[in-house]
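Me: Hi! Could you walk me through this one while I have it open?

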Amino acid sequence: MRDQLRVVLAEDLFLLRDGLVRMLTENGFTVVAAVDNGPSLRKALIDEQPDIAVVDVRLPPSFTDEGLQEAIEARRRQPGFPVLVLSQYVEQLYARELLADGEGAIGYLLKDRVFNTEQFVEAVRSVARGGTAMDPQVVAKLLSRGDARGRTSELTPRERDVLELMAAGRSNAAISQQLTISTSAVTKHIAAIFGKLELPNTDDDNRRVLAVLSYLNR
Amino acid sequence: MRFRLMALPRALAVLCVSVAGLVAGALVVVSALLMLVGIGWFLFPPAVALLRGVADLARRLVRLAGVEVERPYGEESGTISLLKARSTWRDLLWAFLDPAIGTWAAALALGMPLFGVYGVAVQPFVWKANERAGGTNSYGVIHVTSTATALAAIPVGFLMIAFGLYIGVPLLHLRARWSADLLGSSRTSRLERRVESLAETRADSVGAQAAELRRIERDLHDGAQARLVSLGMSLGAAERLFDEDPEAARRLVTAARDTSSKALDELRDLVRGVHPPVLADRGLADAIRASALDSLVDAEVSADLPGRPSLPVESAVYFAVNELLTNAAKHVGPAAEVRIRLGYRDGVLSCDVVDNGDGGADPADGTGLRGIESRLAVFDGTLTVDSPVGGPTHVRLEVPCAISSA
């Protein structure tokens, strides 16, 4: 059942929309609507009640941040509604706005990330489960901001690596794989990070990521 | 009250300057006539200098009366150039016309209160002596022939003082406005200067544009374009290797994917430098918020704009503020706190940027600030820097522009 997630997709470039529909379908999602503009997106979200929306920031007719506005609006109507926002650019400001409601189930990725099918599909699933998928560029900026303010000065380099991946929304398993360390080591690092940053550690992965992001966003 | 009383010495000064102007003007005319016999060539420049000195005094009085007037002189100093200078002839015109047109105003502003004082304080004691000497005593409408009429003149005197003080300031203001017409620059010289500055800023902006295009071309050439070439080569090699060495081909394809990501990154940076996405999406305030978030300084942005200015103005102000944020991050460091306030009043878009640094910024030696200045000059915008040693540094950008309330 997990793989029968119903997706609404909004992307105005035909090639990319087509590619995304194919990729999502191949990976077991059901694309219930693929639209190319803001008003149709809104209608599809209301009519189809999907499990997740994958939305391009810039959409016609205004070609400004219409997709982003629709995403935020959808989450206002239905708090915690999973949205994965794709964009040609990542902006800290937009990341902040998407994270502002503190509900999780939010993703914000560069369009290039679809090159890596495996990771992209994993990001969509994770957001649908209520997780967070922040683009590495967003996280890197957040961390350098945190570094500049000395918020991460107590962390060891390894802990900082773990923090970076965790903040992007990667699972413990994915972190251990990427850093080639054991999952128990990852758990230990995470506990140390939460201790040093004086954040309350919970077993809920999603809460944990949100806590870290809001700490860095401060 | 003090302000009204100050009108008296000012009126007196205006009268004195008028007389001085007449004298200096006459000297200029005489020296000009003496040119016919030669000696005037040497007398003319000092005479003009004297007239200019007097006119400068008059300008100060005009400004005291609350009327803006600029000094119209240029670089000219030789006899010929002084003869040619429009301002010389306008000064001369002022010297002879201004007393004729405006003296009554200053005289009234000064004379009414003084005559009032005479009526209140002097006339009651001197009218008898005056009559004995055979003079006629009249004070305004009152013919003073007895103690009763002398006393009756006292309230009239008070009235005169009050009225004189009441109309003194407006009279001087009126007079200053007339004088300013001749003392300031003529319409023609103002237009000449305007054309000069337009030609200058246009050349600057054309130059800047050309440099920007060159930069973009170079960035594309060295960056994205080169990456795409290497991408094509990797894919070509992979195509050949697919059959004999699939593993190597796969590595090449992976490398090609990375290369395309890098090319996209470079294109993104390029677009950011030309037309930042948030600026396009949301306008000035949010674009500045976004770049503050990117620049690692703590910035508090407040905006009170009725709508969006034109795109070129938005972009100029955005990049100017960006430069200032970069400066703050560089000079103050990560502890920098910047307050940015956007406002729009009377057709002028203003942006105040205040940081918590140690100050001491000098627009003359910073290429960054110079760059901002010329960027804004295209729109007749200005940059004012107030950066006392010890801080804080306050930079104010002002750009006249139209914002239609959306």
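Here is our chat about the chains, domains and helices.

Reply: Happy to! This is a predicted model, so to speak of local features we need pLDDT of at least 70, side-chain atom pairs count only at pLDDT 80 or more, and totals for chains, interfaces and linings use all residues. Residues are numbered from 1 along each chain as its sequence is written, and chains are lettered from A and ligands numbered from 1 in the order in which they are written.

Me: Great. How many residues of chain A are in contact with chain B?

Reply: There are 13 from chain A, meeting 16 residues of chain B. Two residues are in contact here if their C-beta atoms, placed from the backbone, lie within 7 Å.

Me: And which elements supply the chain A side?

Reply: α4 (92-99) and α6 (136-148) of chain A each supply at least two residues. The largest share, four residues, comes from α6(A). Helices (H or I, at least four residues) and strands (E, at least two) are DSSP runs, numbered from the N terminus.

Me: How do the residues of that side divide into nonpolar, polar and charged?

Reply: On the side of chain A that touches chain B, four are nonpolar, three polar and six charged. Ala, Val, Leu, Ile, Met, Phe, Trp, Tyr, Cys and Pro count as nonpolar, Asp, Glu, Lys and Arg as charged, and the others, Gly among them, as polar.

Me: Switching topic: how is chain A divided into domains?

Reply: Chain A has domain 1 (6-134) and domain 2 (138-217), with bounds from an automatic or database domain assignment. Their C-alpha centres lie 25 Å apart. The contact between them takes 14 residues from domain 1 of chain A and 13 from domain 2 of chain A.

Me: Which element gives the most on the domain 1 side?

Reply: That's α4(A), with four residues. The residues of the side of domain 1 of chain A that touches domain 2 of chain A divide into six nonpolar, seven polar and one charged.

Me: What about chain B?

Reply: Chain B is divided into domain 1 (2-183), domain 2 (189-274) and domain 3 (277-400). The C-alpha centres of domains 1 and 3 of chain B lie 47 Å apart.

Me: Last one: at what angle do α8 and α9 of chain A cross?

Reply: The axes of α8 (residues 172-179) and α9 (residues 183-196) of chain A cross at roughly 105° and come within 9 Å. That makes α8(A) roughly perpendicular to α9(A) (65 to 115 degrees). Axes are lines fitted to C-alpha atoms, for helices over the stretch in contact, and angles run from 0 to 180 degrees between N-to-C directions.

Notes: Parallel < 35°, antiparallel > 145°, perpendicular 65-115°, else oblique.
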